[in-house]
Structures are given as structure tokens and as C-alpha cells.
Amino acid sequence: MSASDRQHTLAKPASITGISLHTGEQVTLTLQPAPENFGFKFRRMDLEDKPFIPALVEKVQKVERATTIAEGGVNVHTVEHVISALAGMGVDNAIIEMDSNEPPIVDGSAQPFVELIKKAGLQAQQAARKIFE
């Protein structure tokens, strides 16, 4: 199996801090490596039990002005730039830790998250990549 056929995660954690778009709060987002077949999961580090919210279409609650996903009453907003950067850079598995309910907006694009992924580096995993057709 070639490296392009295998799942990938991040080689090491990488963080970015900035202001969130809708709440105006300062937030730190940290991309963490994740195990095979984990997918993308947001983790609310500001809440006591540090819950995970899977980035799955069935978790989408709202798409007006930003994509909001939720799990059991806990939500995260404006997730589309982070998810698109991870997918576009070939990451299959990642934990996206945030100390607020929304990532930093930075320059309004996915580019700062692409740079964060480059800083973290990629790590090939043993499991085969899931291909959707």
C-alpha cells in the first residue's frame, strides 16, 4: 500500500490563537494527532468534561453564515475553514481542541489553518484511506 493510499494524521500538535468571528472572544485552537479511523473531532477544552463533537454531516445544526455542529447540547460554530484545510491537506484523523465554541477567524480564509498543518507535519498511518465515490 502506497503512502497516498494510507490514512494520515498530524506528526505533532500545533496551535494558533486569535479572535473568533461571531463572539469576539480570544481562542486558542490546537490541532492534535489522532488514531486511525478517528476522523475529525472538535474538543471543547473550556468545558469541564472536555466533550468531543464529531465533524459529521449528521451533527450539523445550522448553516446560516457559518456551519454549526453539535453533540448532546454542546456545539462549535464556524468549523468549515478548519475542516476544509484538514481535508485539503490530506489529513484523515485529527483532534481539534478549542478553548471556546468557535475557532479564530484569523484572515477569514482556510490559509492560516493550512499553514498550521504544514507546521505540524503529516504522519502516515497503517490503515487504508477511506475513498468515497
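Student: What should I know about the model before we start?

Tutor: It is a predicted model, in which local features need pLDDT of at least 70 and side-chain atom pairs count only at pLDDT 80 or more, while totals for chains, interfaces and linings use all residues. Residues are numbered from 1 along each chain as its sequence is written, and side-chain values use heavy atoms, with hydrogens and water left out.

Student: How many cavities of 30 Å³ or more does the structure hold?

Tutor: It holds 1. A cavity is a set of points, on a 1 Å grid over the protein atoms alone, where a 1.4 Å probe fits but cannot get out.

Student: What is the volume of the largest cavity?

Tutor: About 40 Å³, where a volume is the space filled by probe spheres set on grid points joined across faces, edges and corners.

Student: Which residues line the largest cavity?

Tutor: Lining residues have an atom within 4 Å of a point; here they include Leu-21, His-81, Ile-105 and Phe-113. The lining has 5 nonpolar, 3 polar and no charged residues. Ala, Val, Leu, Ile, Met, Phe, Trp, Tyr, Cys and Pro count as nonpolar, Asp, Glu, Lys and Arg as charged, and the others, Gly among them, as polar.

Student: Turning to pockets, how much space lies in the largest pocket?

Tutor: About 450 Å³. A pocket is an open set with protein on both sides within 12 Å along at least five of seven lines.

Student: Which residues are closest to the centre of the largest pocket?

Tutor: Of its 16 lining residues, they are Gly-39, Phe-40, Asp-92, Lys-130 and Phe-132.
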